[in-house]
Amino acid sequence: MKTICVLLAVMALLTGCAAAETFETIADVYGEQNMPEAKQVVLAIPENAQAVVGSSGTLYLCDGYEITVETLSSGDINETLRQLTGFESDELTVMETAQMGLNRYECVWTAAGEGGDVVGCAAILDDGSYHYCVTVMGNAEDGAKLQENYRQLLAGFSTGP
């Protein structure tokens, strides 16, 4: 009987020496994400262009057409296209290429404007953090003569440091 009492006493002492369970909790607290700085847009704006700086970018008024340059947060390219053109991406023919490690998207559209039909073209460079956007719009009746201006302008569109 003494041995049973000693064994019970030893077992009672040893149960207090068991390893304590550790618990891990997960909180829904996220640190602030650091976005890289936006790059500069490199674009050859015509000398006679008048700049109007707005909250979302810069509008350049040229002879017979206008150029809009803006930098938007990257994300859904379809949303950016809709914001720039007013059309859903499935209503446009969007050409996707690569330019110096960035995705480049281009499209052309026509629409009815306040002063008649307009023709527009847009180019977007996506670096994963930002969409660098250039939109050029002018009267559709002048579209043929402005086509070379549009082509030269968008060909020189890139980002800098």
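Glu79 is partly exposed, with a relative accessible area of 33%. Its partner is Arg82, and the two form a salt bridge. Both belong to a predicted model. The closest N and O atoms of this pair are 2.2 Å apart. Arg82 is also partly exposed, at 34% relative accessible area.

Where do Arg82 and Glu79 sit? Both lie in helix α2, which covers residues 77–85. They are three residues apart there, so about one helical turn separates them.

Helix α3 spans residues 143–155 and holds Arg151 and Glu148. These two residues are three apart, which means a separation of about one helical turn. Arg151 forms a salt bridge with Glu148. Here the closest N and O atoms are 3.4 Å apart. Arg151 has a relative accessibility of 48% and counts as partly exposed. For Glu148 the relative accessible area is 39%, so Glu148 is partly exposed too.

Salt bridges can also share partners. Glu79, Arg82 and Glu88 are joined into one network in this way.

**A pair with a buried arginine**

Arg104 and Glu106 meet through their side chains in a salt bridge. The N to O distance is 2.6 Å. Is Arg104 buried or exposed? Arg104 is buried, with a relative accessible area of 5%. The cut-off for buried is under 20%, so the value for Arg104 falls within that class. Glu106 is partly exposed, at 24%.

Why can such pairs form? Side chains of opposite charge can pair when their charged atoms come close.

How many salt bridges are there by the rule used here? The count comes to four.

| Arginine | Glutamate | Distance, N to O |
|---|---|---|
| Arg82 | Glu79 | 2.2 Å |
| Arg104 | Glu106 | 2.6 Å |
| Arg151 | Glu148 | 3.4 Å |

**A backbone detail**

Now turn to Met100. Which loop contains Met100? Met100 is found in the loop between β5 (95–99) and β6 (102–113). Its phi angle is near 50°. That is a positive value in a residue other than glycine. Met100 counts as exposed, with a relative accessibility of 77%.

Technical notes: Residues numbered from 1 in each chain as written. Predicted model: local features only at pLDDT ≥ 70, side-chain atom pairs only at ≥ 80, totals over all residues. Heavy atoms only, no water. Helix = DSSP H or I, 4+ residues; strand = E, 2+ residues; numbered from the N terminus. Buried < 20%, exposed > 50% of the residue type's maximum accessible area, 1.4 Å probe, protein only.
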